[in-house]
Amino acid sequence: MAKKRKRSPGPVFKPLQSGKSTSANPGRSSVPRAGTSTSATRNFVVQAISQGRLGGRKKDNTTQSTIDMENLGTHDADCPRDTEGGASVIDTSSASGDASAAHHHCQEQAPSFDEADTGNRLRKDQRAAERVRSWVPYRQEYLDEILRHYGRKGFDFSSCSLCKQGNAYFRCLDCRIAQPLCQNCLLTAHREVILHRPEWWNGAFFEKVSLSSLGLVVPLGHEGHSCADPSTSHEIVVYHVNGYHRVQITLCTCTGTTSGPLQVWKQYLRAGWFPATTTRPSTAFTFELLELFHHLTLQSKVNAYDFFLTLGRLTDHSGLSDHPSRYKQFCHVVRLWRHLQQLKWAGRGHDPAGVEATQAGSLAVQCAACPHPGKNLPDGWELSPPEIIWLYTLFLMMDANFRQRCKDRGLDDEDLAPGWSFLVNTKKFQEHIDRTAGRGVENNTCSAEHNAILKAHLRKDGYVASGIGAVLCARHAMYRANGVGDLHLGEKFCYMDFLLVSTLWGAALYLVLVSYDIACQYRKNFFKRLREDFPPDMRADLEDVHIRWAIPKNHIAVHGPNHSHLSLNNLSGVGRVYGEGIESSWSSLNPVSMSTREMALATRHEVLNDHLNAWNWQKTIDFEHFLCKSLKHAIKMSAKQRELFNEFNATFPPEVVKEWERLLEIWNINPSSVPDPFAEPEANIKVNSVRLQFAQEEAQDLATALNIPQYINHSPSTFIQLGLELEEQQYVYLAVLTPFTQD
């Protein structure tokens with residue numbers, strides 16, 4: 001077993017030692033400056049706080065004073081100073097801010113900590129176990145406090161906390177202080193918070209009641225105020241983050257305006273409730289609830305069914321109540337909410353042309369770090385010289401995901417955003433598939449057998465889509481607008497062609513690099529398929545585009561020889577792009593496949609668009625950390641690799657290096673014009689030729705009687721070969737017999 005490498009000790013929190021300084025820099029202040037928060041450092045002695053490790057806490061409750069030592073004008077060499085990683089903090093037992101008190105504290109012996117400065121860092125599970133063990137003595141007290149919280153909390157329910165009158169039998173679970181209230185005070189206090197959950201003390205326990213049953217009626221149509229001519233009150237069901245509620249409402253029926261009374265569904269929306277229908281709605285869902293589920297499903301991929309059942313459990317999980325069946329209404333409202341949120345985020349609500357003028361791909365969050373002419377490129381970038389223009393290359397990567405299937409359930413559906421986001425317009429996509437229906441699978445001339453080619457005709461019975469294909473930017477792993485589509489019959493070239501052309505349509509870029517695991521086959525007839533299969537308006541933007549092709553770094557090894565010109569390690573102007581980011585992006589999307597496979601295609605597209613948008617937005621807000629970290633790493637590794645290269649390059653004659661550089665420049669322009677400079681020479685050694693060479697050498701040794709033991713019945717080479725074969729047979733027997741010996 002390999003020996004575990006001991007980690008070097010990091011900066012830790014440790015006690016002050018009398019007569020010793022804890023700082024390597026005596027010229028800096030030892031105590032937080034004035035204005036520093038003491039709540040985070042109280043009772044701690046800290047070294048290198050930027051490392052973030054905690055030490056111990058003193059047993060007493062003394063407070064810490066923060067003193068500006070520089071302003072005091074005295075610097076004691078024995079007082080702890082700032083370390084390189086951050087300020088040191090000392091604990092003072094008095095609130096005095098004079099220098100003598102600080103100096104006296106520096107001379108005190110701080111409490112001892114358990115091996116805090118040994119440098120042996122505990123594993124996370126051990127630290128967690130220690131926290132649990134330290135909590136166990138308080139277990140009974142924690143339980144008592146929780147029981148108190150759900151009990152009477154020490155309140156005397158003989159009088160109301162507000163009006164001080166009797167019959168204070170009510171309290172509210174959602175108010176900050178569940179104080180005893182009478183019925184009138186309870187209703188008065190909840191005219192603006194109508195979705196709280198009151199309880200009634202029946203003499204033995206608290207029983208759930210509703211504000212509606214106590215007489216609360218909610219007026220709609222006048223921003224919470226009563227209507228002069230309200231309708232008859234009626235009950236509806238409103239779902240909120242704390243469960244569902246039966247609410248009595250009245251509607252506005254004012255006829256004073258020329259347009260008549262406000263529509264009922266608008267009265268619901270202005271109250272912050274999303275109605276389940278526009279005609280006589282009896283069910284509504286609060287905006288807070290829809291927003292909670294929206295963010296929850298984007299982050300944790302929770303499905304609507306489990307979330308809806310959770311609302312019922314929040315209301316009453318005793319099993320004694322019959323919950324209303326509103327699951328279908330919830331799914332319908334969630335779909336509309338998701339669509340409206342995407343329109344709102346994209347600014348479509350402020351366009352004078354209205355929602356119907358939404359352009360293809362305009363709802364998608366696009367990669368801000370990729371080149372976008374007219375947005376983040378300088379004026380005249382297209383006129384840049386060759387040594388600069390490569391900086392404006394658009395890097396793309398393509399792949400298919402066969403987990404994103406969709407069952408053929410024969411559901412009728414309406415696409416709310418056809419081609420407005422990431423998934424392409426279904427109608428145009430189907431037209432392209434119909435045009436290329438008679439095209440067969442192109443012959444594979446590569447030595448490797450690719451899954452994409454083998455699965456070109458893959459289609460599982462009972463599924464209308466066997467997966468999805470996608471195009472992402474290769475440098476930042478963000479999905480491209482109009483770069484995702486359904487694969488109805490495997491990963492055929494015609495599907496991937498449409499996705500690539502759609503996402504490049506209108507890009508107005510001259511240089512594009514596409515990484516694809518079967519680029520060696522896919523690229524051969526790409527422009528031929530482009531001319532034959534696409535209308536002029538779609539292929540016009542690509543006629544002047546210079547497209548280079550590459551194979552992702554984890555896939556290039558299986559392609560065999562003669563693929564150096566497709567390796568991202570060899571191509572110029574690609575940096576350290578590796579082209580495999582699309583594989584990791586599936587990990588965020590795959591958890592929703594269990595839900596989307598049951599949906600209709602249009603609904604499925606909207607859900608996928610929503611999750612892809614969330615992925616892109618999360619990547620965008622992480623750019624600050626990611627790009628800064630990548631830049632620092634690139635600067636460091638660039639200097640290191642350049643030094644290693646110069647050291648290795650100096651071992652060759654200058655004229656040889658110059659000739660290699662000339663051949664490499666020619667190869668970069670036309671790889672077929674010169675021999676591949678990156679190809680490893682093949683030894684072309686066969687077993688029989690080696691055996692013949694050994695036999696000739698042994699015959700020569702026998703003729704001269706040199707170094708041939710007399711007790712061996714075989715020649716040395718034959719003896720070694722027999723030993724190797726015997727060893728191989730032992731491994732085979734061991735593999736065969738091991739299962740039987742374990743049984």
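## Close-up views of a predicted model

**View 1. The lining of the second largest cavity.** The residues around this cavity are Leu423, Val424, Thr426, Phe429, Val484, Gly485, Asp486, His488 and His605. Here a cavity is a set of points, on a 1 Å grid over the protein atoms alone, where a 1.4 Å probe fits but cannot get out, and a lining residue has an atom within 4 Å of a point. The volume is about 70 Å³, taken as the space filled by probe spheres set on the points, with grid points joined across faces, edges and corners. Eight cavities of 30 Å³ or more turn up when the whole structure is searched. Helix 11 (426-435) and strand 13 (479-487) each bring at least two residues to this lining, and strand 13 gives the most, with three. Helices (H or I, at least four residues) and strands (E, at least two) are DSSP runs, numbered from the N terminus. Sorted by class, the lining has four nonpolar, four polar and one charged residues; Ala, Val, Leu, Ile, Met, Phe, Trp, Tyr, Cys and Pro count as nonpolar, Asp, Glu, Lys and Arg as charged, and the others, Gly among them, as polar.

A note for reading all the views: this is a predicted model, in which local features need pLDDT of at least 70 and side-chain atom pairs count only at pLDDT 80 or more, while totals for chains, interfaces and linings use all residues. Residues are numbered from 1 along each chain as its sequence is written, and side-chain values use heavy atoms, with hydrogens and water left out.

**View 2. The two sides of helix 11.** Phe429, which also belongs to the cavity lining of View 1, is buried in helix 11 along with His432 and Ile433. These residues cover an arc of only 100° around the axis, so they sit on the same side of helix 11; the arc is that of the directions from the helix axis to the C-beta atoms. Turn to the other side of helix 11 and you will find Lys427 and Asp434 exposed. Buried means under 20% relative accessible area, exposed over 50%, and partly exposed in between (1.4 Å probe, protein chains only).

**View 3. Helix 8 and its buried face.** Helix 8 (residues 304-315) has 12 residues and spans 17 Å from its first C-alpha to its last, close to the expected 16 Å, where the expected span is 1.5 Å times one less than the number of residues. Ala304, Phe307, Phe308, Leu311, Gly312 and Thr315 are its buried residues. Viewed along the axis of helix 8, they fall within an arc of 150°, so they line one face of the helix.

View 4. What joins Arg338 to Asp610? Their side chains meet in a salt bridge, at 3.0 Å from N to O. Arg338 is in helix 9 (residues 327-345) and Asp610 in helix 19 (residues 601-621), so this pair ties together parts that are 272 residues apart in sequence. Both Arg338 and Asp610 are buried. A salt bridge means a side-chain nitrogen of Lys or Arg within 4 Å of a carboxyl oxygen of Asp or Glu, and the structure holds 12 of them. Another pairs Asp497 with Arg529, with the closest N and O atoms 2.6 Å apart. Here Asp497 of helix 13 (residues 493-504) is linked to Arg529 of helix 15 (residues 526-533), 32 residues away. Asp497 counts as buried because its relative accessibility is 1%, and Arg529 is buried, also at 1%.

View 5. Glu659 and Arg662 form a salt bridge at 2.6 Å, N to O. The two lie three residues apart in helix 21 (residues 654-669), so about one helical turn separates them. Glu659 is partly exposed at 35% relative accessible area, and Arg662 is partly exposed at 41%. Elsewhere, Arg335, Asp413 and Glu606 are linked in a network of salt bridges.

**View 6. Around strand 7.** Pro275 lies in strand 7 and is buried, with a relative accessible area of 8%. Its C-alpha atom is 7.7 Å from that of Val333, 58 residues apart along the chain. Arg280 is in the loop between strand 7 (273-275) and strand 8 (283-286). Its phi is near 50°, a positive value in a residue other than glycine, and Arg280 is exposed at 77% relative accessible area.

Terms used:
1 Å grid on protein atoms, 1.4 Å probe; cavity = no way out; pocket = protein on both sides within 12 Å on 5 of 7 lines; lining within 4 Å.
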